[in-house]
Amino acid sequence: MSSYQPPKVWHWDQANGGAFAAINRPVSGATHQKDRPKGKHALQLYSLATPNGVKVTVMLEELLELGISAAEYDAWLVNIREGDQFSSGFVEVNPNSKIPALVDEDTGIRLFESGSILLYLAQKFNAFLPAELAERTEVMNWLFWQMGSAPFVGGGFGHFYAYAPEKYEYPINRYAMETKRQLDVLDKLLAQRTYIAGEHYSIADMAIWPWYGALVLGRLYNAAEFLDVQGYPNLQRWARLIDERPAVKRGVKVNRNWGEPHEQVPERHSAADFT
């Protein structure tokens, strides 16, 4: 039983341990001056191939797969373990200092939060978001479901199971239970339809797959056995279906700087970067 008693006023202990202790802090804003890089395309992405980053690179590659040349983009690596997200240039785009962030140089619009970026791109290029009200609303239901649910998986389960400096039974059990409930929600949904929002691939699939698809495919937190992901056959079927898409195969590599060399495209400025 823990003997910890919270103080009346919380104070920051910079030596609190954990995989991201060196960059976590209780204040916002830039820590150093550095201009954001810019390439030749209108769309300038600043990201890392975490699940939230993969959402956007998959979307951009899917647009290019459709032949939409205006979706060409430059993708710049933001190494969050080294604090790149706290540079002055990045903070100007996203004052919350989280990846991904995007600037559309054609319109001068800045974007942050992966769901907002997906929606912007879908509307700008009229793709992967149905025009009919009921179908469009169902896509939005699941897009917002993901944005609200994934923090329990990443910041909750993933943190305490994979990244915390010590293992504690209570938080791991608490967040494993919620993660499995969410997996069950998706598995039951996908027993009735091909894709998340119906029979058509959409930004809802792109938002959910990098988190829950990667999890049941054994690519997230090394937790597939612990969570018994084979117990979700409909979710497994959908995860493999998305995994086979050529644009997804490219998108997961962008802004990735770990793994095997053939899995990494740390910066992406043209299709040639994949070869």
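**A guided reading of the predicted model**

Asn94, leaving aside its neighbours within four places in sequence, is in contact with Ala101 and Phe112. Asn94 lies in the loop that runs between α2 and β3 (101-104). Its relative accessibility is 1%, so Asn94 counts as buried. From this position the side chain of Asn94 reaches the backbone oxygen of Lys98 at a distance of 2.7 Å.

The loop between α2 and β3 also holds Pro100. The peptide bond that joins Ile99 and Pro100 is cis, with omega at about 0°. By way of background, most peptide bonds are trans, and most residues other than glycine have a negative phi.

Just after α1, Gly67 takes a positive phi of about 90°. Two further examples are residues other than glycine: Tyr221 has a phi near 65°, and Asn222 has a phi near 50°. Tyr221 is placed in the loop between α6 (203-216) and α7 (233-243), and Asn222 is placed in the loop between α6 and α7 as well. Their surroundings may be set side by side. The relative accessible area of Tyr221 is 15%, under the 20% limit, and Tyr221 is therefore buried. For Asn222 the value is 71%, over the 50% limit, and Asn222 is therefore exposed.

Of the 15 residues of α1, 13 are buried, so the helix is largely enclosed by the rest of the structure.

Leu121 belongs to helix α3 (residues 114-125). Its relative accessibility is 0%, so Leu121 counts as buried. When residues up to four places away in sequence are not counted, Leu121 touches Leu43, Val56, Met59, Leu60, Leu63, Leu102 and Asn126. Between the C-alpha atoms of Leu121 and Ala131, which are 10 residues apart along the chain, the separation is 14 Å.

With a relative accessible area of 0%, Gln182 is buried. The side chains of Gln182 and Tyr212 are joined by a polar contact of 2.4 Å. Leaving aside neighbours within four places in sequence, the residues in contact with Gln182 are Trp145, Ser149, Phe152, Val153 and Tyr212.

The last feature to consider is an open space in the model. Rolling a probe the size of a water molecule over the atoms shows where empty space is left. The second largest pocket has a volume of about 190 Å³. It is lined by 13 residues, of which Lys34, Pro37, Leu77, Val78 and Asp84 are the closest to its centre. Two elements, β2 (73-77) and α2 (88-93), each supply at least two residues of this lining. By class, the lining of the second largest pocket has 6 nonpolar, 5 charged and 2 polar residues.

Notes:
Residues are numbered from 1 along each chain as its sequence is written. This is a predicted model: local features need pLDDT of at least 70, side-chain atom pairs count only at pLDDT 80 or more; totals for chains, interfaces and linings use all residues. Side-chain values use heavy atoms; hydrogens and water are left out. On a 1 Å grid over the protein atoms alone, a cavity is a set of points where a 1.4 Å probe fits but cannot get out, and a pocket is an open set with protein on both sides within 12 Å along at least five of seven lines; lining residues have an atom within 4 Å of a point. Grid points are joined across faces, edges and corners, and a volume is the space filled by probe spheres set on the points. Helices (H or I, at least four residues) and strands (E, at least two) are DSSP runs, numbered from the N terminus. Ala, Val, Leu, Ile, Met, Phe, Trp, Tyr, Cys and Pro count as nonpolar, Asp, Glu, Lys and Arg as charged, and the others, Gly among them, as polar. Buried means under 20% relative accessible area, exposed over 50%, partly exposed in between (1.4 Å probe, protein chains only). A polar contact is a pair of N or O atoms within 3.5 Å; within protein, one must be able to donate a hydrogen and the other to accept it, and residues adjacent in sequence count only if both atoms are side-chain atoms. Contact means heavy atoms within 4.5 Å.
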